[in-house]
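Me: I'm new to this one and would like to go through it slowly. Could you show it to me and then start with the pockets?

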Amino acid sequence: MMLHVTTTCPNLDSAKHLAREALRQRLAACVNILPGVVSLFHWQGDVDEETELQLTFKTTEALGPSLVKLIEEMHPYDLPVITWETVGTTEAATDWLLSETL
């Protein structure tokens, strides 16, 4: 099994900064950065619209809490929305994930 931890960032620099730190600390084996996400959301009494980048961190269930903590501490937003889900994957991908994380 693999855990996907997802969040959004306002720009490529902040997205890469989070991704590189998670990889440096071996809290994730891979981070996908998808540009061009248009987010509409309620914030402080208004409906806002922003173009963001979506990040998906591939990690283990055991490392999920540490990864979420890192994202919360380093994220440029006052309130980063962080979600996670367990996903099935191949045995080879699971072996790779385990070999590349703590």
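Reply: A word on terms first: on a 1 Å grid over the protein atoms alone, a pocket is an open set of points where a 1.4 Å probe fits, with protein on both sides within 12 Å along at least five of seven lines, and lining residues have an atom within 4 Å of a point. Grid points are joined across faces, edges and corners, and a volume is the space filled by probe spheres set on the points. This is a predicted model, where local features need pLDDT of at least 70 and side-chain atom pairs count only at pLDDT 80 or more, while totals for chains, interfaces and linings use all residues. Residues are numbered from 1 along each chain as its sequence is written, and side-chain values use heavy atoms, leaving out hydrogens and water.

Me: OK, how much space lies in the largest pocket, and which residues are closest to its centre?
Reply: The largest pocket holds about 460 Å³ of space. Its lining has 19 residues, and those closest to the centre are Phe41, Glu52, Tyr77, Leu79 and Val81. Strand 1 (2–9), strand 2 (30–43) and strand 3 (46–59) are the elements that give two or more residues to this lining, where helices (H or I, at least four residues) and strands (E, at least two) are DSSP runs numbered from the N terminus.

Me: And what is the lining like by class?
Reply: It has eight nonpolar, seven polar and four charged residues, with Ala, Val, Leu, Ile, Met, Phe, Trp, Tyr, Cys and Pro counted as nonpolar, Asp, Glu, Lys and Arg as charged, and the others, Gly among them, as polar.

Me: Switching to salt bridges, how many does a search of the whole structure find?
Reply: The search finds two salt bridges, each being a side-chain nitrogen of Lys or Arg within 4 Å of a carboxyl oxygen of Asp or Glu. In one, Glu21 pairs with Arg24, and their closest N and O atoms are 2.6 Å apart. In the other, the side chains of Arg26 and Glu100 meet at 3.0 Å, N to O.

Me: Why are Glu21 and Arg24 about one helical turn apart?
Reply: Because they are three residues apart in helix 1 (residues 12–24). Glu21 is buried at 16% relative accessible area, whereas Arg24 is exposed at 59%; buried means under 20%, exposed over 50% and partly exposed in between, using a 1.4 Å probe and protein chains only.

Me: Is Lys58 buried or exposed?
Reply: Lys58, which sits in strand 3, is buried and yet has no salt bridge, the nearest side chain of opposite charge being Glu85, 10 Å away. For charge, Lys and Arg count as positive and Asp and Glu as negative, while His and the chain ends are not counted. Leaving aside neighbours within four places in sequence, Lys58 is in contact (heavy atoms within 4.5 Å) with residues including Met2, His4, Cys30 and Leu97.

Me: Last topic, the backbone: what is the phi of Arg26, and of Gln44?
Reply: Arg26 is not a glycine, yet it has a positive phi of about 60 degrees, and it is partly exposed at 34% relative accessible area. Gln44, also not a glycine, has a positive phi of about 50 degrees. Gln44 lies in the loop between strand 2 and strand 3 and is exposed, with a relative accessible area of 67%.
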